[in-house]
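The structure is shown first.

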Amino acid sequence: MSKIFIIGLPRTGTTSVCHAFLELGITTAHTAYTNACFENASAIADTPIFNDFKALDIHYPNSKFIYLERELSAWLASIKQLLTRMHTNLTRSDGGFNIHIKRCYLNTFSELSLNNISDDSYLTHCYKTHFNDAQTYFNNRDNDFLSIDIAKPESYKKLCNFLALKSDKTDFEKMNMGGKVTAWNDIKHPLKVESTAKGRIDKLLPYKIF
């Protein structure tokens with residue numbers, strides 16, 4: 001079954017794009033930690049998608065992949081806030097975040113530490129490595145891969161054209177601004193797919209993780 005995967009890093013507009021998909025009539029999950037979530041959602045973003053896009057490409061042939069870019073200085077300020085808040089639960093050995101969150105963040109942001117989080121060069125390297133990896137992997141696959149910056153004009157139109165969707169809107173609704181990360185939780189929509197099963201996750205997801 002083909003899907004739409006939003007593979008931009010955290011703090012690049014994933015919530016805004018997921019909200020747009022709901023309004024376009026697409027079942028959508030912002031993060032996915034159960035097999036049921038992967039089965040029921042047509043569009044999925046954030047964790048574990050940004051880390052596992054190659055495995056997802058193999059498991060879900062003919063899927064569409066949307067990379068979200070963001071102006072680097074704006075992303076740096078935002079990701080620093082997020083990673084600082086997440087650091088303890090990402091790195092603790094006696095609990096913290098679920099195994100999929102830890103795996104994806106600690107792989108994409110390797111050698112994570114509070115010192116590195118405050119280092120622009122470290123975070124820039126993580127961003128550029130992820131961006132270049134996606135660009136290289138999907139090279140010459142214009143029918144499968146789109147890269148947009150939702151802050152720029154025409155990005156919404158590019159998304160709709162890429163997916164052959166029609167909409168009266170012309171722009172994304174900007175969400176989770178100013179460091180907030182909870183907007184998705186507040187959205188009530190019949191097409192919204194829950195990421196967990198009442199807080200529980202599946203240790204094994206439907207695709208093989210390399």
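At 10% relative accessibility, D57 counts as buried (under 20% relative accessible area; exposed is over 50%, partly exposed in between; 1.4 Å probe, protein chains only). The side chains of R141 and D57 meet at 2.9 Å, N to O, and R141 is partly exposed at 24% relative accessibility.

The model is predicted: local features need pLDDT of at least 70, side-chain atom pairs count only at pLDDT 80 or more, and totals for chains, interfaces and linings use all residues. Residues are numbered from 1 along each chain as its sequence is written, and side-chain values use heavy atoms, with hydrogens and water left out.

## Other salt bridges

The whole structure holds seven salt bridges. One of them pairs E23 with K169 at 2.6 Å, N to O. E23 lies in helix α1 and K169 in the loop between α8 (155-163) and α9 (183-186), so this contact ties together parts 146 residues apart in sequence (helices are DSSP runs of H or I, at least four residues, and strands runs of E, at least two, numbered from the N terminus).

K54 forms a salt bridge with D133, the closest N and O atoms being 3.0 Å apart. K54 belongs to helix α3 and D133 to helix α7, so the pair links parts 79 residues apart in sequence.

Note on methods
A salt bridge is a side-chain nitrogen of Lys or Arg within 4 Å of a carboxyl oxygen of Asp or Glu.
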